[in-house]
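Biologist: Can you walk me through this model? I'd like to begin with the aromatic residues.

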Amino acid sequence: MVWAGHTRRRGRPHQILVWSMGWTLLILLVVLTVVHGNPTVMVRTGSGPTVGFDQHPNSVPLGEDIQTTTEGESEVVEEVMTTGVLNPSHYPARRAATVVQHYLNTRYGSPYRWIFLSTVHSGSAEEVAEMGRKYQLALTMQEMISNVSGQCSAELFFPGGEGQSAPQVQASCEGLHQSNTTAQEEAFYQQHRTSNNLASGNNIPDSYGHVEPSMKPFWHLGGVASSFIMLRESNESTLYNMAQVANFTQLETEKDQLRFNYHVLLHEMISQEIIHWKLLVTWSPEQGVQVLQTELQPKCHHCEAPPNTTN
């Protein structure tokens, strides 16, 4: 009994020592983890909520304008600013610049002049109290057919509030209109104004991204006409381009205007939705492109965008 009690009394220091060593090791492991851990500000894995990130008041919610890069098995989430100085490669700047592209096409487009965004050099955005958001942009635009580029400055205003309202655009460009398409446009106009066989076509480009040379002016015209729709429908949550001319049919010329019925497929790149529109389009070298009627078609849930082409 005496030895047993003595053994218990001598065992307590040994137990305390083991307990202390265990806590010391645990604390050491925690310290090493903190010191040598990943220093990134926010890591999102899986679909759970994100924690540990102090959002800038001008950043947008996750899932709208967040761009990600992958490091190992983790997805590092990067803020995208929507006010102040904009990153030219991020969606807010490029969405606004694409709206400027559509605006320029509605002003200067033709079967031989189709303008595309080349580069966003700089941009800024500011809130206009209770009215919307205003963008200032410096851009390079490129005319696809001639490959002529021009430097542009633009001011773009997205109205706020309820209801859809088209953005307001002002833009000026240097060098973009250097290509002279007068002879090509006049020849095309005379050919189809007097032709007894009215033109028609479908699936431009085809499923391989190919466009027949004889169909290219009609493809360009469909793209320019689509810009009227894309400009009108654009807002800060959309990014449109024309995916395909599903079909077109030339109508009888009226008042010296070539007339066409177009069925176009627009690709809304944020939602990945393919949107069908029917358009009544007129064109002449003097009057330019005009879209007289538009009709939104029922949604096509199985449609996919055809391959892009620059031919």
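**Aromatic pairs, cores and a sheet**

Modeller: There are 12 aromatic pairs in the structure; rings of Phe, Tyr and Trp (its six-membered ring) pair if their centres lie within 6.5 Å. This is a predicted model, where local features need pLDDT of at least 70, side-chain atom pairs count only at pLDDT 80 or more, and totals for chains, interfaces and linings use all residues. Residues are numbered from 1 along each chain as its sequence is written, and side-chain values use heavy atoms, with hydrogens and water left out.

Biologist: Which residues do ring pairs link into a cluster?

Modeller: The cluster consists of Tyr112, Phe188, Tyr189, Phe218, Phe248, Phe260, Tyr262 and Trp283.

Biologist: And which residues touch the most other members in the largest nonpolar core?

Modeller: Phe248, Tyr262 and Leu279 do, in a core of 32 residues. A nonpolar core here is a set of buried (under 20% relative accessible area, 1.4 Å probe, protein chains only) Ala, Val, Leu, Ile, Met, Phe, Trp, Tyr and Cys residues joined through side-chain atoms within 4.5 Å.

Biologist: Which element gives the most to this core?

Modeller: α4, with 7 residues. Helices (H or I, at least four residues) and strands (E, at least two) are DSSP runs, numbered from the N terminus.

Biologist: What is Leu279 in contact with, leaving aside neighbours within four places in sequence?

Modeller: Its partners include Ala225, Ser226 and Ile229, and also Phe260, Tyr262 and Val291. Contact means heavy atoms within 4.5 Å. A second, separate core has 23 residues, among them Ala96, Cys152, Leu156 and Phe158.

Biologist: New topic. Is Thr181 buried or exposed?

Modeller: Thr181 is buried, at 7% relative accessible area. Thr181 sits in the loop between β8 and α3. Beyond its neighbours within four places in sequence, Thr181 contacts Tyr112 and Arg113.

Biologist: In what order do the strands of the open sheet run?

Modeller: The order is β4-β5-β6-β7-β8, 5 strands with antiparallel pairing; two strands pair if DSSP finds at least two bridges between them. β4 (84-85) and β8 (168-174) are the edge strands, each pairing on one side only. β4 is joined to β5 (residues 115-128) by 2 bridges, and Val85 stands opposite Ser124 in β5.

Biologist: What is the mean pLDDT of the chain?

Modeller: The mean is 79, and 70% of residues reach 70 or more; pLDDT is the predictor's confidence in each residue, from 0 to 100.

Note on methods:
Buried < 20%, exposed > 50% of the residue type's maximum accessible area, 1.4 Å probe, protein only. Phe/Tyr/Trp six-rings, centres within 6.5 Å; stacked < 30°, edge-to-face > 60°.
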